[in-house]
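This report walks through a few parts of one protein structure, beginning with a single residue and widening from there. Please keep the sequence and the 3D view at hand while reading.

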Amino acid sequence: MHDSSPDKTQDHAPQARNECLRLCREAQEQARRGNLAAAFAVLSHAQQTHPADPQAWQLAAALATQVRDWQRLQHIASSWTQLHPASINAWQTLSRSHFEQSQFNEAIEAFSRILALAPDNASHLVSAARLSTAAGKYDAAHEQLTAAENITPDAGDILYALSRLYHLTGELDKAEVYCRRAIDVLPNFAPAYIALGMLCEGRLSKQETNAVRRLAQTPGLHPEYQALLNFTLGDALDRQGNHAQAFIAWQEANRINALISEQEGFTYDAAQHEADLPLLGALFAEPVSVPFPDNEHGTPDTKRPIFIVGMPRSGTTLIESILASHSDVVGAGELPALPEIHDELMRVARNQGIAAARQMLQTQATDWRARYLAALPASDGAICVVDKQPMNYRSIGLIQVLFPDSPIIHTRRAPMDVGLSIYRHNFSRHWPCAHRLGDIGHYYGVYERIGALWQSRYPEAIHVIEHEALVSDPDAEIRQLVAFSRLDFQPACLAPHKTKRPVATFSSVQVQRPVSASYSNRSAPYEEPLAPLRNALINSGIDVASSNPK
């Protein structure tokens, strides 16, 4: 890899260069033998021996990337950028290390150094736009892609990036046009076929389906693309009525994802999920009351969070879209702040006991509330912000302490439909239960018991919406939802598909359609292959025959 940066640390002593080269070769040999710790140690020595030589830095970064050790990669890249501040490779590595840890603002900041070094490089502008898109900064992404398109019109990667952006902002017709243009330019570009499958909800032609199948079998293809292509293939075959082959494709996608998750140290820990339930019950057995002060302006907080909780794929995005169609509400998507606070609290409960955790909650509640509110996106004058993070179902007790006046909407959907929908989508490493049907069924059982705990403790604070009832009688259900959220009714809430706004979840295409029952009972054609899911649900005490499993 070329590193063109001039550097003050250059040492042209032949002995140092030769020793660095020898150490790099030794590190490569250690890596080939599987001695990764030794390889990293040798490369660290090489970097100290001849800091000006980029080879040792590049090899260390490549090795950390190969084993997906993103924290190590961040450490390597931080030192590399300090010694080689004009190295584009170094800043790219630092940006990626942040991106892979979902530190999007930090990734953007690192990449801004690349744009300063090479402002007229279209490829760099596209990469910057992808980071902006991941961070939800869509205006910045559009500006960067427009600049890239002006430099290199009709480039496939630019067309694809524009398609992805229009997809997220709800401009689906534009998104499909740009996606197909990208495929015309780059007929073997896997991401474009994956995006097309999502835009068309699996309605691909036989020719497109065959192209996806061929690409999924490409030797040496990155495992993440293999998984995504198999999800796309499964959806296409499902739409064509070929249910047996569709399920095989989804199985292969989840097999690959399970391996990736395990490689990164993310595995489903059923025992911990079971152990957390009694901890939550004990932690919130007695009320915790915290008198929150007014904010720094001397007035009460003006933003009121509305929390939508439930299992993934249970209809949380639809509920958010209904509420976000109200003029006083902005939809913020799946926010990470509350799960982070929840995990901090639970670590103390597990390691130090309930008394220590309750003390922490009492002393930290004001700071946690302020931290959550500070992280909310701009509300454009709206008085309510919707947080539809499904994982917050664990945190209803915590919400009652931090935001006692906030509405909590709990979405529910038939468990077999939820399980299949999770299995046929590409869930991140933060959902390690998603890759095996038995794990999904077990997780649903834990979720159900936690939900029952909160329902018994805080029945007046939680509004339960059954997805099947919502799609069969949307008018009545939506009016009740709006009233529970303490909002005046507005007709726009009855037609959320007409409200154009960014949606960055699997349901981004579905919510652009009128509320419909067409997605109900999707598990029916897969009764036999879903037996492991059904058995796990039954073992967890779930009534799989009911849309309301309680």
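H124 is buried, with a relative accessible area of 9%, where buried means under 20% relative accessible area, exposed over 50% and partly exposed in between, computed with a 1.4 Å probe on protein chains only. The model is a predicted one, in which local features need pLDDT of at least 70 and side-chain atom pairs count only at pLDDT 80 or more, while totals for chains, interfaces and linings use all residues. Residues are numbered from 1 along each chain as its sequence is written, and side-chain values use heavy atoms, with hydrogens and water left out.

Leaving aside neighbours within four places in sequence, H124 is in contact (heavy atoms within 4.5 Å) with I88, Q92, F111, I114, L115 and A118. H124 lies in helix α7; helices (H or I, at least four residues) and strands (E, at least two) are DSSP runs, numbered from the N terminus. Helix α7, residues 122-134, has 13 residues and reaches 19 Å from its first C-alpha to its last, close to the 18 Å expected at 1.5 Å a residue, the expected span being 1.5 Å times one less than the number of residues. The buried residues of α7 include A122, L125 and V126 as well as H124, and what covers the buried residues of α7 includes α5, α6, α8 and α9. At the N-terminal end, N121 caps α7, with a side-chain oxygen 2.9 Å from the backbone nitrogen of S123, and α7 is followed by G136, whose phi is positive, near 80°.

Elsewhere, strand β3 (residues 384-387) is covered on both faces, with C384 and V386 buried on one side and V385 and D387 buried on the other.

Leaving aside neighbours within four places in sequence, Y372 is in contact with residues including F307 and D387. Y372 is also one of the residues, with F284, L398 and W454, that touch the most other members of the largest nonpolar core, which has 112 residues. Such a core is a set of buried Ala, Val, Leu, Ile, Met, Phe, Trp, Tyr and Cys residues joined through side-chain atoms within 4.5 Å. The largest share of this core, 9 residues, comes from helix α21 (residues 437-457). Apart from this core lies another, of 20 residues, among them A46, W70, L73 and W80.

Terms used
A polar contact is a pair of N or O atoms within 3.5 Å; within protein, one must be able to donate a hydrogen and the other to accept it, and residues adjacent in sequence count only if both atoms are side-chain atoms.
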